Every structure is written in structure tokens, then in C-alpha cells.
Amino acid sequence: MLLVKMFGVKWRLVMSALCICALILEFGHCQKDAHEPRTTQGRKAKPTKPKLGKVTNKGPKVKAQPAAQGPASLTQVLNKGKFKKVGETLSVQAGRTLELRCKGKPIQWGVPAYLEEDDDGRLSIVQHERYGTLTLVNTTGADTGEYTCYPMYCEDTDCRKEYDKAVKVFIFFPDPQELFVPTSDYYEAIQLRTNWPTVLPCQVTSPEAKVTLHREFPPVEVAVDGTEISFNVKQGFTIHRPRPHHAGALYCVASLGNLRQSSTKYMLIYVNYPMAPPTPVIQASSSSVSLGENLRVSCTVMGEQEVVVEFSWEYPGQQIGRPMYTQESVRPDGGGGGRQQSQSVLLVDEVRQVDQGTYTCTAQNLQGAKSVSITVTVTKAKPKKP
């Protein structure tokens, strides 16, 4: 009986040892599977490389600078695939198709204001891989004007025109029925400013047209000497230094062959435009006044004759709604030289304590405005002598 019990104990020990060995073997097999690369059907396992430490070659990111375009090249596309480089001006008979090609990517086109407002579907602009094209069909004399190709400088999605590399061409569209570019205005008012060039835009559709300038009343042709008044076929007439005698109703006359036509009438209004903003000088009757006394603050401007100067004031009494009384005058400068004195005087009767503070005068003309200030102190009234 004792032998049987000893045999049973040994058997249980053997079985426990076998179970432990089986568990060890299974664990070793799982570890092997974990280190071996897995493969799937149809794909080859990638060999693993031992890691020797993390090595990076990353440095500071450098943003690629956009390449600037060279000067644009503008050509006219002719029939049968021929090209012609354009100069400063170009003539295309009205009714024919205009096609321009400009080298660059991207580019932008500038056209006369008439086409920008309404082209009736006649204008087509296309950007190709290395160039852009502008096509205008059913052309008329009204299409006459300046056409510009602007290379674009881009950074990501932000683009701007490179004006210094732009190529411009003034294109005439000669029309046998219209010598002047049509306009809907019968009269056009133009301001003549002293020492400021004024353009009368008598724009013709053909560079071959002869153009003269005329006054409506009295009906005479105006002399064009190239100095006081000059003519440019791409602009019209320019009055370089306007004077009062240039004012009035003027118009242009164009003639070509047997055709003679008049332009829009220009109503020239002369304005004596100042050379610079006014320079006011401010003075007070006294920088210290007693309660109950009267105060005068004057603001004076010396300038060209017939130049209007406007005055405005800021004063302490405004805070309580104290009314402002001013006197303004204009008179010729006694020293001669075609100058005048403009003056505004602010009157403050029976000064009160609230009138103490800063008085500011602003003088303004067509060129701008300037301000000057002065400070006035209010003191107690002097005692009357017995």
C-alpha cells in the first residue's frame, strides 16, 4: 500500500515536469514568431535592418524663391501663322481681327477703358503654357488706344504686375467713317489749372489724319507752336501752362482725304491754382486779457492773386456753445508782385474765464491746408480807480 502511494507521488511529479517543459517550448516558439517578419500571400517580406541610432539630415527649411520673369516680348499674329514684332504704334484696319501674343507666364493685359467697361464679347484673353494671347474681333475705331502686356511676379498665390517690364503699344483702328474716337458727350468740361498741363483728348482713329485746334467764339484756329500748346497723335492737344486767355469753348478738326470732321467741344474753365498750401500767421491783440475786455485774434495769409483761401477756427468758447464772430477780407499786397493778403479776424467781446485757452486758425486752398495756434490767458479785472 505504501508502495502504491509512493508511485502515485512520483507519477504526479513527472507529469508536472512534462507540463512545465511544454509551456517553456511554446513560449520560445512565440518569441521566435514575434522577431521574424511576417509574410502575406503574394508579397515578399522586407528584410529588416538593424537600428544603429536615429540619424537625421534635417536642417532649416529654405523657401524656394520664385524666379523673376525677363522683359516681355509682344508680337502681332498675322495670317498663315506669321508673327510680327510690334513697335510703339500699330495700325489695324477697322473690322479686322487683332491678335497679340505676349511671352511670359503668367501675364496680364491692359486695354482701353472702353473695352474694360463693355467689350460685347469681342475680347478674348487666353493664358497658354509659355505665353498669353489677346484677340479682339469685329474691331471699330472706338477700340483705338493703348494695349499693355504686364509680366506677373508670383509668390504662391500672391501675384503682382511688374510695371517696369511691361510692353505697351498704341493701336489705331482707321475707320473711313470716323476720324475721331466716338464719344457720347457733346460737351466736356475741363478745368484749367495754373502751372498744370491740361490735355484736350482729341483722339483720332488714324495716325495719318491732320488735326487742328479751333475756338468756337470768336471762330478762329488756335496757334499750336509746340511750346505753349503741342499736339501728340496718341493723346491730343496739351496746354502746358494754362492762362486765363485759354478759357472758353474749343474743339478739334480732323481731315483725311475728302473727309473732314469735328470733335467733341471742350469747355475750358480757368482756375487760378495755387503753387502751394497757404502759410497762415496768427496774432492776438494781447496774449493776456482781463475779464470783460474785448479780444481780437487775426489769421493772415499772403499768396497769389485770385486764389481763394478759406478760414476755419477752433476756440475755447466752443465747449459751451459761445457764438463765433469773424471778419474776413481780401486786398492786394501793397508791395506789388501780383500778390494778395487774405485775412480772417475772430472777435471775442467781453472776455470771460471760459475764453482762456488755445485759439487755432486753419487756412485752406486748392493745394491743401495748414493750421497755426496761439494761447490766450484771462486774468481778473483790474480794480477801477476811485
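1. In this note a residue is called buried when its relative accessible area is under 20%, exposed when it is over 50%, and partly exposed in between (1.4 Å probe, protein chains only). Cysteine 159, with 36% relative accessibility, therefore counts as partly exposed.

2. The model is predicted, so local features need pLDDT of at least 70 and side-chain atom pairs count only at pLDDT 80 or more, while totals for chains, interfaces and linings use all residues. Residues are numbered from 1 along each chain as its sequence is written, and side-chain values use heavy atoms, with hydrogens and water left out.

3. A disulfide is taken here as a pair of cysteine sulfur atoms within 2.5 Å, and a search of the whole structure finds four of them. If the bonded cysteines of the protein are numbered in sequence order, their pairing reads 1-2, 3-4, 5-6, 7-8.

4. One of these disulfides joins cysteine 102 to cysteine 149, with an S to S distance of 1.8 Å, and the link is left-handed, with -75° about the S-S bond. The two cysteines are 47 residues apart and link distant parts of the chain, since cysteine 102 belongs to strand β4 (residues 98–103) and cysteine 149 to strand β8 (residues 145–155); strands here are DSSP runs of E with at least two residues, numbered from the N terminus. Cysteine 102 counts as buried because its relative accessibility is 0%, and cysteine 149 counts as buried because its relative accessibility is 0%.

5. The partly exposed cysteine 159 is joined by a disulfide to cysteine 154, with 2.0 Å from S to S. This link of cysteine 154 and cysteine 159 is right-handed, with 115° about the S-S bond.

6. A disulfide also joins cysteine 202 to cysteine 252, with 1.7 Å from S to S, and this link is right-handed, with 45° about the S-S bond. Because cysteine 202 lies in the loop between β12 (198–200) and β13 (210–215) while cysteine 252 lies in strand β17 (residues 248–256), the pair ties together parts that are 50 residues apart in sequence. Both cysteine 202 and cysteine 252 are buried.

7. Turning to the strands, four of them form an open sheet with antiparallel pairing, in the order β20-β22-β25-β24, where two strands pair if DSSP finds at least two bridges between them. The edge strands, β20 (281–284) and β24 (325–332), each pair on one side only. Within this sheet, ten bridges join β22 (residues 295–304) to β25 (residues 339–348), and the bridge partner of valine 301 is serine 342 in β25.

Note on methods. Helices (H or I, at least four residues) and strands (E, at least two) are DSSP runs, numbered from the N terminus.
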